[in-house]
Amino acid sequence: MKLLFLLVTTGVMISPAHSQLRVTKSERLPLAKSHEWSNPTFSPNGKLIYFTTSSYRGIWEYNPATRTQRQIVNGLASGYNFSLSSDGKNIAYRRSRSEGVNSTSRVFDRIQEIVVKELAGGAAQVIGSGD
């Protein structure tokens, strides 16, 4: 997906027979064109949008009210299936790291970790790991 669109919905028509959602305005987000953006996820209160790249490298936060963007995480595959807490204060993501890299044989152990990070303070905690 080359461009990420924010759909602002202001009208919902509901009838007993069916429900219908009508888009009344769409806006192109002013995101860097150096990446292909993917997987937009709204915060629980709907005020922020979180997304990653098409290669799942990193997680970003976009604030439509201030039109600002900040990177939350920068890591390989960290954007794959990330999840926000129900109160919107934490984000859980996957982190991959390598241990025991041997420069001649290029043999290494890849460790997968599940990390929870506080969005306001930035503190991160590993809550699970494995091969």
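In this predicted model, valine 115 touches Ile91, Ala92, Tyr93, Arg95, Ala124, Gln125 and Val126, with residues up to four places away in sequence left out of the list. Valine 115 also belongs to the largest nonpolar core, a set of 11 residues. In soluble globular proteins, nonpolar side chains tend to be buried together.

Aromatic rings form a further theme. The structure holds 3 aromatic pairs, and two of them are set out below.

| Pair | Centre to centre | Angle between planes | Arrangement |
|---|---|---|---|
| Tryptophan 37 and phenylalanine 51 | 5.0 Å | 85° | edge-to-face |
| Tryptophan 37 and tryptophan 60 | 4.9 Å | 85° | edge-to-face |

Both pairs link distant parts of the chain. Tryptophan 37 lies in strand S5 (residues 37-42) and phenylalanine 51 in strand S6 (residues 49-53), 14 residues apart. Tryptophan 60, in strand S7 (residues 59-63), is 23 residues from tryptophan 37.

Trp37, Phe51 and Trp60 together form one aromatic cluster. Tryptophan 37 counts as buried because its relative accessibility is 2%, under the 20% cut-off. Tryptophan 60 is likewise buried, with a relative accessible area of 8%, and phenylalanine 51 is buried too.

How values were computed
Residues are numbered from 1 along each chain as its sequence is written. This is a predicted model: local features need pLDDT of at least 70, side-chain atom pairs count only at pLDDT 80 or more; totals for chains, interfaces and linings use all residues. Side-chain values use heavy atoms; hydrogens and water are left out. Rings of Phe, Tyr and Trp (its six-membered ring) pair if their centres lie within 6.5 Å; planes under 30 degrees apart count as stacked, over 60 as edge-to-face and the rest as tilted. Helices (H or I, at least four residues) and strands (E, at least two) are DSSP runs, numbered from the N terminus. Buried means under 20% relative accessible area, exposed over 50%, partly exposed in between (1.4 Å probe, protein chains only). A nonpolar core is a set of buried Ala, Val, Leu, Ile, Met, Phe, Trp, Tyr and Cys residues joined through side-chain atoms within 4.5 Å. Contact means heavy atoms within 4.5 Å.
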